[in-house]
Amino acid sequence: MELHDLIDLGRYPIDRPDSAAYATLLADLRREIAEDGCAVLPGFASARGVAHLTAEADAVAHLGHRSFSRTNVYFSQDDPSLPADHPVRQFYDRSNAFVPADNFPPEGPLRMIYEAAPFMPFIRDALNEPVDRFFRYDDPLADVIVNAVEAGQGFPWHFDTNNFTVTLAIQNGSSGGAFEYVPGLRTAQDENFAGVGQVLAGDRSKVRVLELRRGDLQIFKGRYALHRVAPVEGPRRRYVGIFSFVETEGMCGGVERTRQLYGRVLPRHYERAGLRSDALMD
């Protein structure tokens, strides 16, 4: 299997960074990301690629860590010293499954895309990030994962630990499962608890909704945008591949969040706790 078996390189020439088509693609993506911290590349994975990715997801879905819990947007513990309506104290049901990264081998289609030579430079170019501030997420459980969502499941409002999240829609549920987000709700210097609280209280004036199709690639600044996945309906699972990138070399997931999402923690998570470029809660 080669990269051209997975990605529509004719439409998205990530392997030809010196071409005029690549320059045009970058200009469009940078404009979209500047506007709301998100860009979508429809049909990035070819029909053949989607078939390979779906087969891989089906084969490992049973290895996903299924968890049913209540969590706040920061994946942190409650803080009784704060007011009852503070975002840190707002907890929501979370029930879905993440298939950890160590289930995706180098020869598999998902990791093959993530580790392909032109892929990370392309994502970095689209985000217009410097080389010394753009790295693969150094987390053996979370650099490349699949989120498998079944009927009645979704993902409540949250922020990402990693700065840049790239998702690939592999299979939609029978219905539901829309991606909702509020771009730029916080910054590296300001948690904006008041703004977060307004969204949690039901203010949808700044909420944007995306209905992604199979094969669509999404580039998203999830560390600063509050976002969620609406509940999925029907018998078919929703599969989304998630590729993660960060601006701090060696950054790894936090201990509490890793335990919640993947059901286990490795020594690396303890060794690198707190290694990041900002002081945000998560």
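The model is predicted, so local features need pLDDT of at least 70 and side-chain atom pairs count only at pLDDT 80 or more, while totals for chains, interfaces and linings use all residues. Residues are numbered from 1 along each chain as its sequence is written, and side-chain values use heavy atoms, with hydrogens and water left out.

**Exercise 1.** State how many disulfides the model has, and whether Cys38 is buried or exposed.

Solution. A disulfide is a pair of cysteine sulfur atoms within 2.5 Å. By this rule the count is zero. Buried means under 20% relative accessible area, exposed over 50% and partly exposed in between (1.4 Å probe, protein chains only). Cys38 has 6%, so Cys38 is buried. Cys252, with 3%, is buried.

**Exercise 2.** Describe the largest nonpolar core and the contacts of Phe243.

Solution. A nonpolar core is a set of buried Ala, Val, Leu, Ile, Met, Phe, Trp, Tyr and Cys residues joined through side-chain atoms within 4.5 Å. The largest one has 67 residues, and Phe243 is among those with the most contacts inside it. Contact means heavy atoms within 4.5 Å. Beyond its neighbours within four places in sequence, Phe243 touches residues including Leu110, Phe119, Asp143 and Leu217. A second, separate core of twelve residues includes Val73 and Leu185.
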